[in-house]
Amino acid sequence: MSSLLLDVYLRSGVLCAFYHKKEYPSQFLVGVVIHWEKASNVLIELIDQKGRPDGFLLFCISDIYRMEVNSIYLNRINIHARNIIINKIGDNWSTILCYAKNQKIAVQLQDHNGKRIVTGIVLGYTDSYICVKAIKGNGRPGKIYCLQRISIGFLFCGSRSEISRMNKYLGGVNHRYT
């Protein structure tokens with residue numbers, strides 16, 4: 001992707017569709033750009049089909065093969081205006097992990113091909129690593145994963161998938177993204 005195009009479209013507040021699986025061209029992620037770190041990653045607030053916020057996503061820009069703005073689909077999404085509640089702390093990595101840890105919100109880590117590695121609670125992180133206590137699909141705690149940052153292509157935080165698993169983990173306590 002051209003750096004000039006990225007400069008034009010990856011500005012804060014722009015609604016974009018990001019395509020990351022060439023073998024599934026109809027699958028894409030939609031979100032409002034919060035911050036783009038040039039030649040590195042993008043932090044977005046995910047938006048569902050009805051224009052509602054659906055958590056946050058941090059991803060490597062190099063894992064995206066196509067991007068759209070101002071498409072018919074995107075123009076039809078009625079975004080429900082709201083203030084983004086995530087505070088920028090250092091780089092995007094630190095911002096989203098600090099938010100997840102402080103808010104006790106589960107994260108989902110995927111590799112650069114979009115394959116899920118683990119969903120769980122952030123125990124700690126550095127500039128190079130993240131440690132996550134897994135939450136199994138039934139809500140029970142699993143093993144602890146310590147992963148290198150470089151192995152993570154997509155980091156979801158607070159989407160409906162993570163909230164559902166977090167609710168099971170907490171024994172039915174409603175732990176929603178607000």
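These legends describe close-up views of a predicted model.

View 1. Ten strands form an open sheet; their order is β5-β1-β2-β3-β4-β10-β6-β7-β8-β9, and the pairing is antiparallel. β5 and β9 (141-148) stand at the edges. Each has a single partner strand, so one side of each lacks a neighbour in the sheet. From one strand to the next, the twist averages 35°.

**View 2. The β5-β1 pairing.** β1 and β5 run antiparallel and share 3 bridges. Ala 17 stands opposite Glu 68 of β5.

View 3. Strand β2 covers residues 29-37. Of its 9 residues, 8 are buried, so the strand is largely enclosed by the rest of the structure. Towards β1 (residues 15-19), the antiparallel pairing has 4 bridges. Phe 18 has Leu 29 of β2 as its bridge partner. Towards β3 (residues 41-47), the pairing is again antiparallel, with 6 bridges. Strands of a sheet pair through backbone hydrogen bonds.

View 4. Helix α4 lies across β4, β6, β7, β8, β9 and β10. Its angle to β7 is about 70°.

**View 5. The largest pocket.** The largest pocket holds about 290 Å³ of space. β2, β3, β6 and α4 (160-169) each give two or more residues to its lining. The lining has 18 residues. Nearest the pocket centre lie Leu 29, Ile 47, Asp 48, Gln 49 and Asp 54. By class, 8 lining residues are nonpolar, 5 polar and 5 charged.

**View 6. Asn 70, a loop residue with positive phi.** Asn 70 sits in the loop between β5 (66-68) and α2 (72-76). Its phi is positive, about 55°, although Asn 70 is not a glycine. Most residues other than glycine have a negative phi. The relative accessible area of Asn 70 is 61%, over the 50% cut-off, so this residue counts as exposed.

View 7. Lys 104 belongs to the loop between α3 (92-103) and β6 (107-110). Lys 104 is another residue other than glycine with a positive phi, near 55°. Lys 104 is exposed, with a relative accessible area of 54%.

Definitions and conventions. Residues numbered from 1 in each chain as written. Predicted model: local features only at pLDDT ≥ 70, side-chain atom pairs only at ≥ 80, totals over all residues. Heavy atoms only, no water. Buried < 20%, exposed > 50% of the residue type's maximum accessible area, 1.4 Å probe, protein only. Pairing = 2+ DSSP bridges. 1 Å grid on protein atoms, 1.4 Å probe; cavity = no way out; pocket = protein on both sides within 12 Å on 5 of 7 lines; lining within 4 Å. Points joined across faces, edges and corners; volume = space filled by probe spheres on them. Nonpolar A, V, L, I, M, F, W, Y, C, P; charged D, E, K, R; others polar. Axes fitted to C-alpha atoms, helices over the stretch in contact; angles between N-to-C directions. Contact = heavy atoms within 4.5 Å.
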